[in-house]
Amino acid sequence: MSSKAIREYDAKLLLAYWLERAPPVSKSAVVKTDFIYPPPAVAQIAWDPATGAITPDTNLPPWVFTTKLVAKPDQLIKRRGKAGLLCLNKEWPVAKEWIAERAGKPVKVESTTGTLNTFIVEPFVPHPSTDEFYVCINSDRDGDNILFTHEGGVDVGDVDAKALRLSIPVGTEFPSREVVKNTILTHVVEAKKETLVDFLIRLYSVYVDLHFAYLEINPLVVLDGVDGKAPTVHYLDMAAKLDQTAESICGPKWSIARDLTAGDKKGGKVSADRGPPM
């Protein structure tokens with residue numbers, strides 16, 4: 001396996017498109033509850049070194065101008081919150097100014113210095129810290145591992161030490177719902193367990209079908225339904241790697257998910273490379 005890290009913008013578009021479309025990873029991996037899938041609401045802001053300008057407003061989706069936003073660099077930088085590289089709960093004029101002040105400027109994060117040239121903007125999701133979780137799927141020679149902790153967010157701490165682990169050896173089927181709940185969801189309140197099981201089923205199905213090599217969400221937010229509506233799931237920060245050797249198999253799937261005109265087209269055969277280069 002030759003893994004390649006991808007931008008958060010691309011990772012979120014892949015998930016937004018395929019969470020409802022990817023085939024179940026096994027016959028037993030069936031969703032049994034209703035929950036509202038995350039919308040594909042992400043925008044990419046790029047800095048042009050030739051002009052010194054950032055992506056013009058005319059190239060941005062309408063929701064950017066009507067909602068509170070989160071803005072952050074999208075250059076595979078870890079721990080952006082601790083580095084002061086998050087703009088939270090701001091309207092577009094403020095977020096735009098925040099981006100413009102940093103675009104094209106050198107920044108040092110831990111021991112690395114580089115120029116900020118690509119940013120991601122998305123809707124701000126207000127939520128209590130008790131609704132934050134951490135999930136990570138990774139692969140090794142023996143199979144896949146799902147790491148989960150009921151306490152996510154910027155202060156998640158030492159994940160390797162605190163996360164519960166569900167291992168899925170090569171050649172075995174996805175475990176039953178009861179095994180998932182009893183292995184990695186033991187500290188989750190009962191009201192959220194079924195929703196989390198179903199989300200993990202779909203997340204792992206996408207992970208396998210799109211040949212991810214690594215997929216981390218922190219925090220994963222699950223909000224209870226209001227006024228009889230289904231619970232909603234949101235992934236706020238994401239880091240991902242794809243298996244480059246699978247490009248001949250997954251290239252069209254990777255591309256169509258990132259074709260922003262394809263967001264409302266469900267079903268049908270995916271046979272054309274319609275998205276931008278990964």
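Is Asp 224 buried, partly exposed or exposed, and at what relative accessibility? At 48% relative accessibility, Asp 224 counts as partly exposed (buried means under 20% relative accessible area, exposed over 50%, and partly exposed in between, with a 1.4 Å probe and protein chains only).

The model shown in these views is predicted: local features need pLDDT of at least 70, side-chain atom pairs count only at pLDDT 80 or more, and totals for chains, interfaces and linings use all residues. Residues are numbered from 1 along each chain as its sequence is written, and side-chain values use heavy atoms, with hydrogens and water left out.

**View 1. The salt bridge between Asp 224 and Lys 192.** The closest N and O atoms of this pair are 2.8 Å apart (a salt bridge is a side-chain nitrogen of Lys or Arg within 4 Å of a carboxyl oxygen of Asp or Glu). Asp 224 lies in the loop between β11 (212-223) and β12 (232-235), and Lys 192 in helix α5 (residues 190-209), so the pair ties together parts that are 32 residues apart in sequence. Helices (H or I, at least four residues) and strands (E, at least two) are DSSP runs, numbered from the N terminus. Lys 192 counts as buried, at 4% relative accessibility.

**View 2. The salt bridge between Glu 122 and Lys 72.** Here the closest N and O atoms are 3.2 Å apart. Glu 122 belongs to strand β7 (residues 118-123) and Lys 72 to strand β3 (residues 69-73), distant parts of the chain that are 50 residues apart. Both residues, Glu 122 and Lys 72, are buried. Across the whole structure, a search finds 20 salt bridges.

**View 3. The salt bridge between Glu 151 and Lys 162.** The side chains meet at 3.4 Å, N to O. Glu 151 is partly exposed, with a relative accessible area of 41%, and Lys 162 is also partly exposed, at 32% relative accessibility.

**View 4. The largest nonpolar core.** A nonpolar core is a set of buried Ala, Val, Leu, Ile, Met, Phe, Trp, Tyr and Cys residues joined through side-chain atoms within 4.5 Å. This one has 48 residues, and those touching the most other members include Leu 15, Phe 199 and Phe 212. Its largest share, 9 residues, comes from α5. Apart from this core lies another, of 21 residues, among them Ile 54, Leu 60, Ala 95 and Ile 99.
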